[in-house]
Amino acid sequence: MDKVQRMASEHGVVIFSKSTCCLCYAVTILFRDLGVDPYVHELDHDSDGKDMEKALVRMSCNASVPAVFIGGELVGSTNEVMSLHLKGSLIQLLKPYLPD
């Protein structure tokens, strides 16, 4: 869990992902289309990936991937991100990380 929290606090927008996950890809593209370049960490390319995945589930992320953190806070997975986006709230969370 320490590695997850450290990465989430070191980068403004973090997506914990798997290289084979289509929803992870879709969330990453959404963020890029909104003008944010998220830090994407592929759990299946990390020797600690399984432990990190378990930590994400313990942190109450509905699905282990994609797990999105903004400003060091867990936002959630695809459902939470898309719900925020449809309400217009996601862009508000991302404002500090948008280019000027």
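Q: Why is Cys22 called exposed?
A: Exposed means over 50% relative accessible area, buried under 20%, and partly exposed in between (1.4 Å probe, protein chains only). Cys22 comes out at 60%, so it's exposed. Keep in mind that this is a predicted model, where local features need pLDDT of at least 70, side-chain atom pairs count only at pLDDT 80 or more, and totals for chains, interfaces and linings use all residues. Residues are numbered from 1 along each chain as its sequence is written, and side-chain values use heavy atoms, with hydrogens and water left out.

Q: And what makes Cys21 buried?
A: Its relative accessible area is 17%, and the cut-off for buried is under 20%.

Q: How do you know that Cys22 is in no disulfide?
A: A disulfide here is a pair of cysteine sulfur atoms within 2.5 Å. For Cys22, the nearest cysteine sulfur belongs to Cys21 and sits 5.8 Å away. The structure holds 0 disulfides.

Q: What makes residues 22–33 helix H2?
A: Helices are DSSP runs (H or I, at least four residues), numbered from the N terminus. H2 has 12 residues and reaches 16 Å from its first C-alpha to its last, close to the 16 Å expected at 1.5 Å a residue; that expected span is 1.5 Å times one less than the number of residues.

Q: Which residues of H2 are buried, and how do you know that they're on the same side?
A: They're Cys24, Val27, Thr28, Leu30 and Phe31. They cover an arc of only 155 degrees around the axis, which puts them on the same side of H2; the arc is taken from the directions from the helix axis to the C-beta atoms. On the other side, Cys22, Tyr25 and Asp33 are exposed.

Notes:
Helix = DSSP H or I, 4+ residues; strand = E, 2+ residues; numbered from the N terminus.
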